[in-house]
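Hi,

Here is the structure I promised to pass along.

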Amino acid sequence: MRRSAAPRPEAVPDRAPLPGTPSQGARPWPLLAVLLAAQCIANVDTAIANVAVPSIQADLGASGGEAGLVISGYVVAFAVLLVTGARLGASHGHRRVFILGMAVFTAASLACAAASDPVVLIVARVVQGSGSALMVPQVLSGIQLHFAGRDRIRAMGYYAIALSGGAVVGQSLGGVMIAADIHGMGWRPIFLINVPLGLLLIGAALRLMPADDTSGRTRQLDLRGMLVLSMAVMLLIVPLMLGMDRGWPVWTWLCLGASVPVFVVFGRGQRRLSAAGGRPLIAERVVREPAVRWSLVAHGVTTMTYCALLFVLALYLQDGLGRGPAYAGMAMVSWVAAFGTAGPLLARLPQSSRSIPALGCLVLAVAYTSVCVYLLTGHRTGPMLFALLGVGGLGLGISSNSLISLMTFTLPNRYAADLSGVISTNGQLCGALGVAVLGSGYLALAQSHSLPHAARALEAVLLASAALSSLAAAAAHRATRAAKAGA
C-alpha cells in the first residue's frame, strides 16, 4: 500500500518525518497508551451525560432544553474545533497542544462537577468539548508520525477500540456511577472522575511525548478559514443534534440549507489561499486524493450506522423491553470486544489484500440483516442477539481499521494533521447525521414504545443500516481501486 518509486511531485517518503518531528528516541507503545487513554476519555464524555439527564434536571432544576444543551454543547464544540485543533498541533507542536487540551478538559470537568446551576454546567461542557477538540486530533497524528508498516495497523486497531469502546463505557459507567450515588453526590462523580485521570495523563504526556521542535514549520493559521469552517460545521451539526428533540422546526432546515453555501465559500477560500502560496486549514491534496475521498465516504457511512444503533438499541432495550440503563450499556460489550479483535487480525493479513475494507463493510451489513431476521422470528433479546452484535462489531472494526490505515498510507506524513482533523470531523458529523435520520425514523415508528412497535422500528433501522453498509462496501472498493491506481 506504500507509494512506489515514482511519487507525485509533492509527495515525500511515508517514513519521512515532518520538519522538527522527533521520530527518533520516542517510546511509541507507551506513547500510544497515553494518546488512546485521552481519546477514550473524550469519547466517554460524549456519551456519559446522556444517562445523567434526569438526575441533572432534578438536582439543578434544568429545563428540557437546558438538559439537551448539556449534552449537545460538548459535541458541538468538539466537532466545530477538531480541524482547528489538528492545525494548531501541526504548527505549534503536537505535545504542546495535546497537554493544553488535556488541561482545559480537566479544568472544565472540575467546573462541571461543581456547577450550581444549568448555565454554568452548559458553559463548562462547551469548554470541555473545546479541550477535547485540541487533544483528540493529536492522537491520530501521533499514530501516523510514530508508527509505520504493520505496527501502524496494530496501532490503528487499538485506536478503533478507543473510539468504539469509549461510547459504550460512557453509557454503562454513567448508569452505574449515578445509581451508586457516591457520597450522595448524584451525577457529579461522572465529571469529577476526569480530574485525577486528566492530571495523570498530563504527567504521562510530559514524560513520554517527544519534545516539540517547531523549527521549519509555519505558525501561520488561516483564521478566516477557521471561522468559515466553524460556522459551516455549526450550521450543520446544531440542527442535527437538536432537531429531533424539537420536532424539526423551520430554523433547523434553514440552518442545514445554509451550511451548503458556507462549505462552498470555505472550499473556494482554501483554494485561493493555496494558489497564493499560503497554508490553508486543510491541504488541498487531502480532499482531492480519490482514495481518501472514497475512504471518508465509506468510513462516514459505517460510523453513521454504528452511532444510530447505539441510540436506537438503548431506546429499544429500555423503553421497549423495560430494561435498565446499565443493561442497555452492557448490551454493546460483545460489539466492542469483537471490534477489538480486528486490529490484531488485520496485522496478520497481507498488506496487499485490497478487498479487506469492502469485506468489513459487507460483514457489517450481514450482521445488521441477521439481527433483523432474529427479531422477525419472534426473539427480542438474549445471548444470540449479543452474539450477532459481536459479528457487527467485527465487521465495523475491520472496515474502520483498514480504511483509516489506507488513508494514512496513501498520504505522506506531512499531511498527518490535515488527515487527522478531516477524519475526526467526518466521524462526528456522520455520527450526528445517523442519530438524526435513523433515530428520528425509529421514534416515528416506535410510537407508544410498546414492545411490538419498538421491535418493528428497530427492524426498519437495521434494514436501512444493512443497505447503507452495502453502499459503504462499494465506496470502500472504489477507495482501494484508487489507491492501487495511484501506487
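**What turned up**

H1 and H9 run roughly antiparallel to each other, because their angle of about 155 degrees is over the 145 cut-off. Before you read on, keep in mind that this is a predicted model.

Some detail on that pair: H1 covers residues 28-47 and H9 covers 194-208, with 10 Å between their axes. The crossing is left-handed. On the H1 side, the contact is made by Pro-30, Leu-31, Val-34, Ala-37, Ala-38, Ile-41 and Asp-45. H9 contributes Asn-194, Leu-197, Leu-201, Ala-204, Ala-205 and Leu-208. Sorted by class, that gives 11 nonpolar residues, one polar and one charged.

There's another helix pair to look at, H3 (residues 64-92) with H10 (residues 223-242). Their axes sit 9 Å apart at an angle of about 150 degrees, which makes H3 roughly antiparallel to H10. This crossing is right-handed. From H3, the residues involved are Ser-72, Val-75, Val-76, Ala-79, Val-80, Leu-81, Val-83 and Thr-84. Facing them in H10 are Met-226, Leu-229, Ser-230, Val-233, Met-234, Ile-237, Val-238, Met-241 and Leu-242.

Now for a single side chain. Gln-138 is part of helix H6, residues 137-146. Is Gln-138 buried or exposed? It's buried, because its relative accessible area is 1% and the cut-off for that label is under 20%. Which side chain does Gln-138 pair with in a polar contact? That would be His-94, at 2.8 Å. Leaving aside residues up to four places away in sequence, Gln-138 touches Leu-35, Gly-85, Ala-86, Gly-89, His-94, Val-97 and Phe-98.

Last, a couple of backbone angles. Most residues other than glycine have a negative phi. His-183 has a positive one, near 55 degrees. You'll find His-183 in the loop between helix H7 (149-180) and helix H8 (189-192), and it is exposed, at 76% relative accessible area. Trp-248 has a positive phi as well, near 50 degrees. Trp-248 is in the loop between H10 and helix H11 (250-275). With 22% relative accessibility, Trp-248 counts as partly exposed.

Cheers

Note on methods
Residues are numbered from 1 along each chain as its sequence is written. This is a predicted model: local features need pLDDT of at least 70, side-chain atom pairs count only at pLDDT 80 or more; totals for chains, interfaces and linings use all residues. Side-chain values use heavy atoms; hydrogens and water are left out. Helices (H or I, at least four residues) and strands (E, at least two) are DSSP runs, numbered from the N terminus. Buried means under 20% relative accessible area, exposed over 50%, partly exposed in between (1.4 Å probe, protein chains only). A polar contact is a pair of N or O atoms within 3.5 Å; within protein, one must be able to donate a hydrogen and the other to accept it, and residues adjacent in sequence count only if both atoms are side-chain atoms. Contact means heavy atoms within 4.5 Å. Axes are lines fitted to C-alpha atoms, for helices over the stretch in contact, and angles run from 0 to 180 degrees between N-to-C directions. Angles under 35 degrees count as roughly parallel, over 145 as roughly antiparallel, 65 to 115 as roughly perpendicular and the rest as oblique. A crossing is left-handed if the near helix is turned anticlockwise from the far one by less than a right angle, and right-handed if clockwise. Ala, Val, Leu, Ile, Met, Phe, Trp, Tyr, Cys and Pro count as nonpolar, Asp, Glu, Lys and Arg as charged, and the others, Gly among them, as polar.
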